[in-house]
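These are my notebook entries on what I looked up, kept in the order in which I went through the chains.

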There are 2 protein chains.
Amino acid sequence: MKTLRERKKQRTRESLLRAALELFTTQGYEHTTVDEIAEAADVSQRTFFRYFAGKEDAAFAVQDMTEQHFLACVRTRPAHESPMEALRQAVLEGWDAIRETVESAVPVELYLRMYRTIESTPALLAAHLRRSAATEETIARLLAEREGVDPDTDPRPRLAVAVFGGVIRVTERQWCTGEDFSLESIRQLTASHLDLVGPALTGNWRASGAGRPD
Amino acid sequence: MKTLRERKKQRTRESLLRAALELFTTQGYEHTTVDEIAEAADVSQRTFFRYFAGKEDAAFAVQDMTEQHFLACVRTRPAHESPMEALRQAVLEGWDAIRETVESAVPVELYLRMYRTIESTPALLAAHLRRSAATEETIARLLAEREGVDPDTDPRPRLAVAVFGGVIRVTERQWCTGEDFSLESIRQLTASHLDLVGPALTGNWRASGAGRPD
DNA sequence: ATTTCACATGTCAGTAACTGACACGTGTGA
DNA sequence: TCACACGTGTCAGTTACTGACATGTGAAAT
């Protein structure tokens, strides 16, 4: 962030993002027009679309950051951990560092509000699930490489990640529909839900090529 | 289907649906406009929207039928089967009867083509995942009632269904990206994938209130 | 310091998915 | 045969998005 130009761009983007999330979380996503967002950020509608591919893109800008952070966490997990254990530690790590991850863009409180808005807006929930599917594919390849198996012939990486993702989504949903919107709440929910499904696919794939680990 | 009016409506709807799926699967969903569909069915654009809530709705009209059939199968599963076993049998039943389920609306071949189109079109995949999530919620309540547990306090129904749904999605994806588009193929894939995750949550919830069954 | 140029932005026109209002004509039931 | 309910077409309007072009303001070279 050196030149004046870059700083201006940064401010414009931040301004648009904040305006968007603020409007989405207060009036609802569907009832917010791009024109409104642009006006709130004091730019033209066309400029909004130069910073974000679409309305949806703005809604997920912060989620993108946390997702990237989660992926980074997975990558740095020690090799001796089983796949499921590595994923478990990575999510929890992600929640622990959520403030630092997010605060550079928007206040955590706004991020959490947006999280709930996504979950309660059909169009955004759909987008969220599709994005999650894409992330799961990335993680599956990561785990496959890490465990030294071929993701195209061995279904276990994708299955493990699918199971994991399923648990995460149940957790998200329960947190959003509950009444305790604290970080501790979602962190604790994540941990306990993962424990319930623990027995599934926890084994080390490198040991035996065959069937059920455990 | 008695009066002439009703028969006319039926034919219009069928005409629109066929035109839509045919165009979606050949030119792609995004490159097909509602105007095109309406023209192919020889009605006005406005009429299309009187039969379908939107473009997306037409794309999922047949999926709706199979989904309903699957739910019906789940409901008629004998009580002695464990939740996972009941779900497993219900999906396989669903695939076995797919011809009869679908043929009244469109040829199975068109249904299968549309299935792949959904999987390979981001917007439709997103919608599909959201719809799946809704179905999973329904199934979770079904299983909870069937097993005599409270879905609002006991997370096991939703977790089991989430795991199950995850496996189904991996299966769908693998089938769509593979080269064998036969019914047998997807049926067999479903069965073998479910076997791999078998150990998870297979127990009978009614037996003990506590932790890991099995 | 001036000039030159690249780049961020605004304006405008156009497309496509919808939605509401109204008018028309055809089956339907009396 | 009459009255009307209902399916349909037309038209106007909204919103998300895109391409083309013009303009003005920073950045870099002289």
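Entry on chain A, its elements. I began by reminding myself that this is a predicted model, and then I listed the elements of chain A, where I found ten helices and zero strands.

Entry on chain A, its extent and surface. I looked up the box that the C-alpha atoms of chain A fill along the principal axes, and it is roughly 60 × 40 × 30 Å. Of the 214 residues in chain A, 52% are buried, and the accessible surface of this chain comes to about 10400 Å², with 49% of that area belonging to carbon and sulfur atoms.

Entry on chain A, contacts and charges. Taking the contacts in chain A with a separation of 6 or more, I noted that 66% of them join residues 24 or more positions apart. I also looked up the charges of chain A, 28 positive and 33 negative, and their mean positions lie 6 Å apart.

Entry on the two copies. I laid chain B on chain A and noted an RMSD of 0.1 Å, reached by a turn of 180 degrees with a shift of 0.0 Å along the axis. The two copies are therefore related as by a two-fold rotation axis. The same surface serves both copies, since 100% of the contact residues of chain B recur in chain A.

Entry on helix α7 of chain B. I checked its length: the 13 residues, 108-120, should span 18 Å at 1.5 Å a residue, and the end C-alpha atoms are 19 Å apart, which agrees. Among the buried residues of α7(B) I wrote down B:Val108, B:Leu110, B:Tyr111 and B:Glu119.

Conventions
Residues are numbered from 1 along each chain as its sequence is written. Chains are lettered from A and ligands numbered from 1 in the order in which they are written. This is a predicted model: local features need pLDDT of at least 70, side-chain atom pairs count only at pLDDT 80 or more; totals for chains, interfaces and linings use all residues. Side-chain values use heavy atoms; hydrogens and water are left out. Helices (H or I, at least four residues) and strands (E, at least two) are DSSP runs, numbered from the N terminus. The expected span of a helix is 1.5 Å times one less than its number of residues. Buried means under 20% relative accessible area, exposed over 50%, partly exposed in between (1.4 Å probe, protein chains only). Contact means heavy atoms within 4.5 Å. Accessible areas come from the Shrake-Rupley method with a 1.4 Å probe; for residues, only the protein chains shown count as cover. Lys and Arg count as positive and Asp and Glu as negative; His and the chain ends are not counted. The place of a charge is taken as NZ of Lys, CZ of Arg, CG of Asp or CD of Glu. Copies are superposed by least squares on the C-alpha atoms of residues with pLDDT of at least 70 in both.
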